[in-house]
Amino acid sequence: MKTVTVRYFAIFREHAGLGEETLELDVAIAKDVFDQTRDRHGSSEPLGHCKVAINDAMADWSSEVCDGDTVLLFPPVAGG
Amino acid sequence: MFAISTKDIVINELREQLVNPAAGGFCAFEGWIRNENEGRSVERLEYEVYEPLAVSEGEKVIAEAKQLFPFLEATCVHRAGLLEIGDCAVWVGVSAAHRDEAFQACRYIIDQIKVRLPIWKKEHYVDGDSGWVNCERCANV
């Protein structure tokens, strides 16, 4: 198990009802964090539409998540 | 230069930053808040921005544009917070020796900013409803 801080934005934050939480998760990569928090909070947005960052650096869904990391989950972006 | 602003974009000030004696042309794009989207009347719009990564990714986009279409100066400012119909949400300006580089770099910057930066747009509709743009599947849960 790893201690991971997960940050939620926009509609993910609304679904979670909070902007950030620290969880004990059995995860290896960023996709695992997405899957487990999606189950927990009931979001249905497909992974391919979303983005992820780890410790304030853009990452891939296959990026490794280490104990103590902060994972930022971004729903589909809409700048401009 | 890329920046996020919670205040009105002052276009003349941004334009002045791009003046360069070697420039033979200047191209700008302004994104405005419109009153309709996908058949729904929009009253106002709210941008949520994760600023640390929006700024670093925005700077990266401008650097990429300079590699692809060598220009002299470029700047981009994106708004955060609550905006009204007609407000300028994003401004991109590029000066270059020739117009091709200015047009192409400007187009590259706005296109990449729309799809890469951690910025989200919530529309508030005239009927009182609201919704996150590009996020209809999760909005309907």
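Predicted model: local features only at pLDDT ≥ 70, side-chain atom pairs only at ≥ 80, totals over all residues.
**Exercise 1. The fold of chain A**

*Solution.* 
Step 1. Count the elements: chain A has 2 helices and 5 strands.
Step 2. Compare the radius of gyration with the globule rule. Chain A has 11 Å, close to the 12 Å that the rule gives for 80 residues, so it is as compact as a globular protein of that length.
Step 3. Along the principal axes, the C-alpha atoms of chain A fill a box of roughly 35 × 25 × 20 Å.
Step 4. Look inside. Of the 80 residues in chain A, 36% are buried. Take the contacts between residues at least 6 apart in sequence: 58% of them join residues at least 24 apart.

**Exercise 2. Helix H2 of chain A**

Find which residues of H2(A) are buried, and what they pack against.

*Solution.* 
Step 1. Check the length. H2(A) covers residues 30-41, which makes 12 residues. From first C-alpha to last it reaches 17 Å, close to the 16 Å expected at 1.5 Å a residue.
Step 2. List the buried residues: A:Ala30, A:Val33, A:Phe34 and A:Thr37.
Step 3. Look down the axis. The buried residues of H2(A) fall within an arc of 100°, so they line one face of the helix.
Step 4. Find the partners. The buried residues pack against strands E1 (2-8), E2 (20-25), E3 (51-54), E4 (57-59) and E5 (70-74) of chain A.
Step 5. See what comes next. A:Gly42 follows H2(A), and its phi is positive, near 80°.

**Exercise 3. A loop residue**

Is A:Asp67 buried or exposed? What does it touch?

*Solution.* 
Step 1. Locate A:Asp67: it sits in the loop between E4 and E5 of chain A.
Step 2. Count neighbours. A:Asp67 has 9 other C-beta atoms within 10 Å. The cut-off for exposed is 12 or fewer, so A:Asp67 is exposed.
Step 3. Find its contacts. Not counting residues up to four places away in sequence, A:Asp67 touches A:Lys2 and A:Thr3.
Step 4. Compare sequence with space. A:Asp67 and A:Thr3 are 64 residues apart in sequence, yet 5.3 Å apart in space, C-alpha to C-alpha.

**Exercise 4. Helix H2 of chain B**

Sort residues of H2(B) into a buried face and an exposed side.

*Solution.* 
Step 1. The 18 residues of H2(B), 51-68, should span 26 Å; the end C-alpha atoms are 25 Å apart, which agrees.
Step 2. Pick out the buried residues: B:Leu53, B:Ala54, B:Glu57, B:Gly58, B:Val61, B:Ile62 and B:Ala65.
Step 3. Look down the axis. These buried residues fall within an arc of 170°, so they line one face of H2(B).
Step 4. Turn to the other side of H2(B): B:Ala63 and B:Gln67 are exposed there.

**Exercise 5. Where the chains meet**

How many residues of chain B are in contact with chain A?

*Solution.* 
Step 1. Count: 26 residues of chain B contact 18 residues of chain A.
Step 2. Name the elements. H2, E7, H3, E8 and H4 of chain B each supply at least two residues of the touching side. H3(B) gives the largest share, 4 residues.
Step 3. Sort that side by kind: 18 nonpolar, 3 polar and 5 charged.
Step 4. Turn to the largest nonpolar core, with 57 residues. Those with the most contacts inside it include A:Leu73 and B:Val94. H3(B) gives the most to this core, with 7 residues.

How values were computed:
Residues numbered from 1 in each chain as written. Chains lettered and ligands numbered in written order. Expected span 1.5 Å × (residues − 1). Buried ≥ 20, exposed ≤ 12 C-beta atoms within 10 Å, placed from the backbone. Arc of directions from axis to C-beta. Contact = placed C-beta atoms within 7 Å. Nonpolar A, V, L, I, M, F, W, Y, C, P; charged D, E, K, R; others polar. Core = buried A, V, L, I, M, F, W, Y, C linked by C-beta atoms within 7 Å. Rg over C-alpha atoms; globule rule 2.2 N^0.38 Å.
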